Structures are given as C-alpha cells and as structure tokens.
Amino acid sequence: MATMTLDQLREQVRGEVVVPGDETYDEPRSVLNAMIDRRPASVVRVANAGDVIATVNYARENGLDLAIRGGGHSAPGFGTVDGGVVIDFSRRRSVRIDPAAATARADGGVTWGDFNAAAHAFGLATPGGIISTTGISGLTLGGGIGYLARGFGLSLDNLISADVVTADGRFLLASEDENADLFWALRGGGGNFGVCTSLEYRLHPVKDVYWGPMFFEVEETENVFRFYREYMKSAPEEMGVFPAFQIAPPLPFIPEDRHGDMFTVLIACWAGPLAEGEAQFKPFHEVAPVKAEMVGPIPFPAINAAFDALFPKGLRQYWKGNYVKALTDEAIAAHVEHGPKAPTVSSTMHLYPIDGACHRVAPDATAFGHRDANWSMVIVSGWDDPAADDANIQWVRDYSDALTPYSEEGGYVNFMFADDDNRVAANYGSNYDRLVEVKRTYDPDNVFHVNQNIKP
Ligand SMILES: Cc1cc2nc3c(=O)[nH]c(=O)nc-3n(C[C@H](O)[C@H](O)[C@H](O)COP(=O)(O)OP(=O)(O)OC[C@H]3O[C@@H](n4cnc5c(N)ncnc54)[C@H](O)[C@@H]3O)c2cc1C
C-alpha cells in the first residue's frame with residue numbers, strides 16, 4: 001500500500017495543515033511552557049474526527065512522531081514535537097449540555113473555561129482543574145484534580161464515554177459497555193491509547209460556591225499545616241481546601257505594603273449550601289490571624305479563572321509531583337523549610353486533597369493509580385528569564401527531594417516533568433501491568449508515545 005503524502009493529507013482534511021514558513025505556524029506549534037520550543041514538520045488544525053483519522057494514518061504510515069495538542073498545558077510539552085506531526089484541537093471547542101440528563105459532551109480542544117461556562121448556564125459543573133485555560137482532554141485522561149474532587153471524584157471518575165481514534169485509524173466509542181478495556185485504560189492512561197475527539201461527562205448541581213484564599217504570615221506555616229492535617233480528618237466532602245505558598249501579588253485585597261511578601265495560604269471552596277459558607281470557613285479564621293483574604297460567594301467558573309494571571313503563556317515552568325498518604329510532622333518541617341523559599345509569584349506548592357469520593361472508586365476500577373493517597377502534591381516554579389532557569393529548577397528539586405521520604409513512590413502523571421519518565425510504572429502502581437496489556441492490544445507499535453509513555 002502506498003504511503004500517504006503530505007499533499008494527500010491536505011486533500012483529505014477539512015481543517016488547516018500548517019508547515020514551517022507558514023504565517024500561522026508559530027501559534028499551533030507552541031505550548032504554554034516557554035521552556036519548550038519545538039518545530040514540528042506539520043500541524044493539522046483538525047476540524048472533525050475524519051481529520052484526526054487521516055492524520056493518525058499519515059503519521060503512522062510515515063513513521064513520524066505524533067503529538068496531540070489539547071489545551072497545550074502539559075508542562076513537559078507533550079502537545080508538540082520536533083520534526084513530527086501535531087494534531088491540534090484548538091479549533092474544536094464546542095460543548096453541548098443535556099440539562100435533563102445532567103451530562104455534557106465536549107470536543108477534544110475544550111478548555112475548563114469553555115466547559116465551566118457552558119455547564120454553569122444550567123447550574124451544573126463537573127470536577128476539573130483550577131485554571132481555566134487548561135485543556136479538559138489532557139487533564140481528564142490523566143486524572144483531573146480540583147476543588148470538587150472530594151465531593152464528586154476525579155474528572156475521569158465523571159467520564160461517561162469518549163470518541164476515540166486508535167493507532168490503526170479506527171474510530172471507537174469507549175464506555176463501560178463498549179470497548180470497556182480501552183475505556184478503563186483511557187481513564188488515567190493519558191494520551192497513550194488513542195486520540196479523543198470528544199468526551200462525555202456526568203454533571204452535578206454546582207452553580208455558585210463560597211470560595212477564597214486566606215493569607216497567613218509565613219511564620220504560621222507549621223500551625224496552618226498542623227491545623228489542616230487535623231481539620232481534613234473530618235472535613236465535609238463539600239469542602240475542597242488546600243494549603244499553598246504565595247508571594248503576594250499586587251491585588252487590591254492585599255495591603256499595599258505587603259505586596260511581594262511571602263505568605264502561607266489556605267485556598268478553600270465550599271460547594272454545599274451557600275448560606276453555610278461563612279460558618280464553614282470559620283475554623284480557617286481561628287488558626288491564626290488572616291492578613292489578607294478574598295472570600296465570599298462567587299460563580300463556579302470565576303474561581304477557575306482566579307489564578308490564570310499567574311500562569312500566562314510564555315512563562316518558563318518546571319514541575320514535580322508526589323502522592324501523599326500522611327502529613328507527618330517531618331513532612332510539615334520540610335514544607336516549613338522549603339515552601340517559603342518559592343522564588344517567584346508563579347512558584348508554589350499545592351497539596352490537593354484526593355480523599356472522599358476519590359477513595360470510593362475501587363483501585364482497579366480505572367487506570368488511575370494510588371486511590372489510597374490522601375493528597376496529590378505539586379511543586380511548580382514559573383519564571384520569565386532564561387538566566388533564572390537553574391535557580392528555579394533547583395528550588396523545585398530541593399523541595400521535592402526533601403518530601404520524598406514522606407511521599408509515595410508514585411505521583412500524578414499530569415504533574416510529572418520529562419525527567420520523570422522513569423516513574424511511569426510507579427505512578428500507576430498495581431494498574432501498570434494491565435495498562436501494558438491494553439497498550440499491546442490498541443497501540444502495539446507505540447504510535448502514541450509523546451506522553452508519559454506506557455511501553456507496549
Ligand atoms: C497552569 C496549569 C494548571 C494546572 N492545574 C491543574 C489542576 O488543577 N488539576 C489537574 O489535575 N491538573 C492540572 N494541571 C496539569 C494538567 O492536568 C496537565 O498539564 C494536562 O496534561 C493538561 O491537559 P492539556 O489538554 O491542556 O494538555 P496538552 O499539552 O494539550 O496534552 C497533554 C497530554 O494529553 C494528551 N492529550 C491531549 N489532548 C488529547 C486528546 N484529545 N486525546 C488524547 N490525548 C490527548 C496528549 O497526548 C499529551 O500527552 C495544570 C497544568 C498547568 C500548566
């Protein structure tokens with residue numbers, strides 16, 4: 001059989017095929033993290049599932065590396081590739097809500113901002129991430145950790161089905177009833193098993209929430225973390241709350257003379273009855289004096305955009321992540337030592353709770369590993385100047401190393417960097433062997449390898 005040429009690919013697709021030299025080349029080849037500057041041989045800005053099938057066939061037949069660009073947020077830059085082909089979903093951003101069934105069907109290029117706005121119009125939401133520009137596809141297929149996780153599970157726990165183009169160019173529906181092994185692997189296995197042209201989600205009645213960050217003096221870090229550890233033992237599941245470190249940005253709710261100072265922060269979201277919000281936040285105000293805060297009722301989509309300005313396109317980034325079962329005194333001491341040294345306003349540690357509804361899913365029900373972890377920790381640094389690369393990367397590494405003895409061997413695949421490729425098996429724990437089996441069935445030649453790769 002003759003191998004498809006680029007001209008034949010152009011003839012087959014409805015979307016745009018962009019190559020080096022084209023005026024529009026730079027936008028779809030780029031990703032959020034400015035450390036990543038890759039030059040694909042072609043980018044296909046897909047218009048429909050047929051375009052995806054043609055592009056997968058083209059890449060496979062020509063032996064080209066194939067990247068899938070959903071929202072382009074992968075910190076290691078898995079949404080683009082040097083010399084290969086990119087399937088760019090950025091023009092596929094439609095969301096259809098079925099209010100009667102409380103479900104949503106969303107295209108592969110939808111961001112959480114798109115999704116939340118569409119669902120909010122009907123007083124509905126599903127667990128997603130905390131930044132509005134992140135893609136639903138990459139985030140959901142790796143896990144999906146955010147404010148609503150304790151109450152409603154991970155994003156992937158709310159996935160009902162997906163339309164998938166597999167490595168051999170077939171178009172399959174994956175759900176509990178159809179191609180169930182593929183559906184199992186997709187829910188955690190990231191982009192390893194196929195290209196999702198659309199995803200169907202379960203929705204929940206969440207419209208406005210009681211939310212906000214509370215800033216404490218950094219000297220209170222130990223108090224805040226010890227309080228948090230005890231509080232979480234009996235916290236209602238409607239409460240999504242995590243500790244963080246934050247250099248105060250120049251925002252009106254922070255006293256001007258404190259702009260630029262480092263704080264320990266609790267960021268909380270109460271998704272229960274709004275009238276109970278203030279009372280539910282009371283314990284946080286009793287830990288230590290709150291030096292600045294912006295709490296109150298707010299539409300759910302707005303909280304997902306609240307931190308967007310801290311992670312603009314063009315920022316250089318480095319990430320590390322670990323699962324955590326217990327917040328021991330020793331772990332708290334490591335946070336006290338390293339957290340306050342966060343070098344920039346876009347550098348932080350977030351300790352996201354993944355108990356509650358996340359724990360009620362059996363460990364082998366989806367490919368997501370480590371259902372017994374109570375938190376997913378991420379340490380991230382973001383900066384502008386390439387000359388500051390070493391200092392920022394070193395802060396993340398030192399902090400992560402200090403927490404390693406008090407963390408699980410594995411971490412959340414979506415918080416891993418490229419230098420974490422030796423952790424893939426550990427990240428999936430007891431689900432890894434089955435993932436390899438499903439990979440052998442659906443992608444024996446590893447066409448989909450630009451990711452935290454599960455090797456067939
Ligand atoms: C600023 C920022 C905030 C974040 N916040 C959160 C958070 O709150 N919660 C959380 O859980 N994670 C969070 N993350 C991590 C996030 O989950 C991952 O970066 C995720 O990969 C982003 O998905 P994307 O579609 O934007 O990425 P992309 O870079 O486009 O893709 C990432 C990976 O997903 C695969 N992929 C993308 N689209 C598809 C598709 N349609 N079909 C099949 N595979 C696909 C690709 O193969 C690639 O390996 C955040 C990341 C950033 C940069």
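Which helix and strands each supply at least two residues of the shell around the ligand? In this predicted model, they are β3 (66–69), α5 (136–142), β9 and β15 (316–324).

## The ligand shell

The ligand is surrounded by 34 residues, and the closest are G70, G72, I130, I145 and Y412. Helix α5 gives the largest share of this shell, with 4 residues. By type, the shell residues divide into 16 nonpolar, 17 polar and 1 charged.

## Polar contacts and cover

An oxygen atom of the ligand lies 2.7 Å from a backbone N or O atom of G72. On its own the ligand has 940 Å² of accessible area, of which the protein covers 97%.

## The sheet that includes β9

Strand β9 also belongs to an open sheet of 5 strands, paired antiparallel in the order β5-β6-β9-β7-β8. β5 (95–98) and β8 (171–175) each have a single partner strand, so one side of each is left without a neighbour in the sheet. On average, neighbouring strands here are turned by 15° against each other, direction ignored.

Between β6 (residues 103–107) and β9 (residues 195–202), which run antiparallel, there are 5 bridges. D107 stands opposite S198 in β9.

## Helices on the sheet

Helix α7 (residues 180–189) packs on the sheet and touches β7 (159–165), β8 and β9. Its direction makes about 100° with that of β7. Helix α4 (residues 112–120) lies across β5, β6 and β9, running at about 30° to β5.

Note on methods
Residues numbered from 1 in each chain as written. Predicted model: local features only at pLDDT ≥ 70, side-chain atom pairs only at ≥ 80, totals over all residues. Heavy atoms only, no water. Pairing = 2+ DSSP bridges. Axes fitted to C-alpha atoms, helices over the stretch in contact; angles between N-to-C directions. Contact = heavy atoms within 4.5 Å. Near = heavy atom within 4 Å. Polar contact = N/O pair within 3.5 Å; in protein donor to acceptor, adjacent residues only side chain to side chain. Areas by Shrake-Rupley, 256 points an atom, 1.4 Å probe, with all protein chains shown as cover. Nonpolar A, V, L, I, M, F, W, Y, C, P; charged D, E, K, R; others polar.
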